[in-house]
Amino acid sequence: MNAVLPIPSILPLSPKNTLAIAEPLPHTRHPGNAPAKREADKLGKRLRHQVGRAIADFGMIEAGDKVMACLSGGKDSYTMLDVLLQLQKKAPVEFSITAVNLDQKQPDFPEHVLPDYLRGLGVDFQIIEQDTYSVVSRVIPEGKTMCSLCSRMRRGALYNHAAANGFSKIALGHHRDDLVNTFFLNMFFHAKLSGMPPKLLSDDGKHVVIRPLAYVREDDIEAYAAYKQFPIIPCNLCGSQENLQRKQVSRMLAGWEKDSPGRIETLSRALGDIRPSHLSDPNLFDFASLGKRGDVTMPNTLAQTHAWLAGGETAGN
Ligand code: SF4
């Protein structure tokens with residue numbers, strides 16, 4: 001039977017298993033924004049701790065898992081792979097990691113960069129070639145952002161690859177700030193209280209997606225990537241602009257963080273401390289039963305209540 005990877009054997013839990021507020025890095029940095037060695041060691045330790053804790057909190061990795069680490073060539077996925085490989089060495093259970101890159105055939109994509117880097121690491125890797133760029137640029141009118149369709153096609157290609165190759169977990173490099181950003185994006189533009197979860201079962205139930213960087217700050221990732229000198233490949237080779245709504249939310253969050261340092265960390269912790277009884281979704285919490293007196297006949301379900309309000313029949317009629 002598979003065992004969930006226990007956190008204490010990777011890294012110690014913080015008291016009460018709560019999210020520790022990440023300390024900002026000191027400001028002494030080498031040119032190129034990379035932290036000095038001592039700071040970088042502390043940073044590396046913090047990242048391993050946060051990733052280890054996310055793995056344990058959400059049961060992300062089990063013995064025998066085949067983890068497909070999706071590598072785009074950006075700072076986030078390089079950091080995720082780097083930290084996962086470090087944790088794998090100390091983990092009490094066996095699991096495999098394969099780095100997978102989807103070459104989407106964007107113009108000027110430097111095809112050799114990732115294979116060279118991965119060969120140098122000695123890690124198992126696979127490159128999928130699929131020209132989603134041509135499809136996206138044909139379908140999306142000029143001047144419009146292509147990222148949404150591009151991401152959906154990328155996700156489809158990666159899911160298919162995972163299924164065809166028997167990967168049990170798909171690891172993505174989204175970090176704490178992405179999770180908070182998506183939450184506000186859904187709230188502001190889709191009227192939904194929903195975000196980007198650290199662990200997710202795909203809609204068809206076939207894939208388990210994990211986000212081991214769920215507790216990691218973006219600026220820590222930036223500093224780590226600069227220190228490690230990952231060979232970054234920019235995502236916008238295709239010339240597409242980031243979604244304007246996402247940009248707007250990012251700007252808002254950056255402004256809040258500037259005015260009140262630590263605000264994003266607080267928001268991130270709030271995503272893990274939800275009180276359905278203090279929100280307003282009657283499907284999530286049984287408000288109708290609160291304080292209900294036994295001698296009063298009321299509709300039993302939400303559907304009956306709606307019928308009652310609309311003048312239809314209820315159990316009490
Ligand atoms: S910037 Fe280009 S490659 Fe990156 S997600 Fe957007 S459309 Fe795709």
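Which residues touch the most other members of the largest nonpolar core? Among its 43 residues, the answer is Val51, Met68, Ala69, Cys70, Leu84, Ile170 and Ala171. Keep in mind that this is a predicted model, where local features need pLDDT of at least 70, side-chain atom pairs count only at pLDDT 80 or more, and totals for chains, interfaces and linings use all residues. Residues are numbered from 1 along each chain as its sequence is written.

**The overall picture**

- The protein has 10 helices and 6 strands. Here helices (H or I, at least four residues) and strands (E, at least two) are DSSP runs, numbered from the N terminus.
- Of its 317 residues, 28% count as buried. A residue is buried if 20 or more other C-beta atoms lie within 10 Å of its own, exposed if 12 or fewer, and partly exposed in between, with C-beta atoms placed from the backbone.
- Take the contacts with a separation of 6 or more: 74% of them link residues 24 or more positions apart. Two residues are in contact if their C-beta atoms, placed from the backbone, lie within 7 Å.

**The core**

- A nonpolar core is a set of buried Ala, Val, Leu, Ile, Met, Phe, Trp, Tyr and Cys residues joined through C-beta atoms within 7 Å.
- Met68 is one of the core residues that touch the most other members. Leaving aside residues up to four places away in sequence, Met68 touches Thr98, Val100, Ala162, Phe167, Lys169, Ile170 and Ala171.

**The sheet**

- In what order do the 6 strands line up? They form an open sheet with the order β3-β2-β1-β4-β6-β5, and the pairing is mixed. Two strands pair if DSSP finds at least two bridges between them.
- β3 (125–129) and β5 (199–201) are the edge strands, each with a single partner, so one side of each has no neighbour in the sheet.
- From one strand to the next, the twist averages 25°.
- Helix α5 (residues 147–164) packs on this sheet and touches β1, β2, β3 and β4 (169–171). The direction of α5 makes about 140° with that of β2. For such angles, axes are lines fitted to C-alpha atoms, for helices over the stretch in contact, and angles run from 0 to 180 degrees between N-to-C directions.

**Strand partners and crossovers**

- β1 (residues 66–70) and β2 (residues 96–103) pair in the parallel sense over 5 bridges. Ala69 stands opposite Ala99 in β2.
- Met68 shows up again here, standing opposite Thr98 in β2. From β1 the chain passes through α2 to β2, and this β-α-β crossover is right-handed. Right-handed has a viewing rule: with the strands pointing away from the viewer, the path from the first strand over the helix to the second runs clockwise.
- β2 and β3 also run parallel, joined by 5 bridges. Leu102 stands opposite Ile128 in β3, and the bridge partner of Asp103 in β3 is Glu129.
- β2, helix α3 (residues 113–121) and β3 make a right-handed β-α-β unit.

- α1 and α2 pack at an angle of about 75°, and their axes are 10 Å apart. That angle makes α1 roughly perpendicular to α2. The cut-offs are under 35 degrees for roughly parallel, over 145 for roughly antiparallel, 65 to 115 for roughly perpendicular, and oblique for the rest.
- On the α1 side, the contact is made by Leu47, Arg48, Val51 and Gly52; on the α2 side, by Val83, Gln86 and Leu87.
- Lys45 is found in α1 (residues 37–57). Lys45 counts as exposed because it has 11 C-beta neighbours inside 10 Å.

**Single residues worth a look**

- Is Tyr133 buried or exposed? Tyr133 is buried, because 20 other C-beta atoms lie within 10 Å.
- Tyr133 sits in helix α4 (residues 132–139). Not counting residues up to four places away in sequence, Tyr133 touches Gln104, Lys105, Gln106 and Cys238.
- Asp108 lies in the loop between β2 and α3. Asp108 has a positive phi of about 65° although it is not a glycine, and it counts as exposed, with 8 C-beta neighbours inside 10 Å.
- Ala191, in the loop between α6 (176–190) and β5, has a positive phi of about 50° and is not a glycine either. Ala191 is exposed, with 7 other C-beta atoms within 10 Å.
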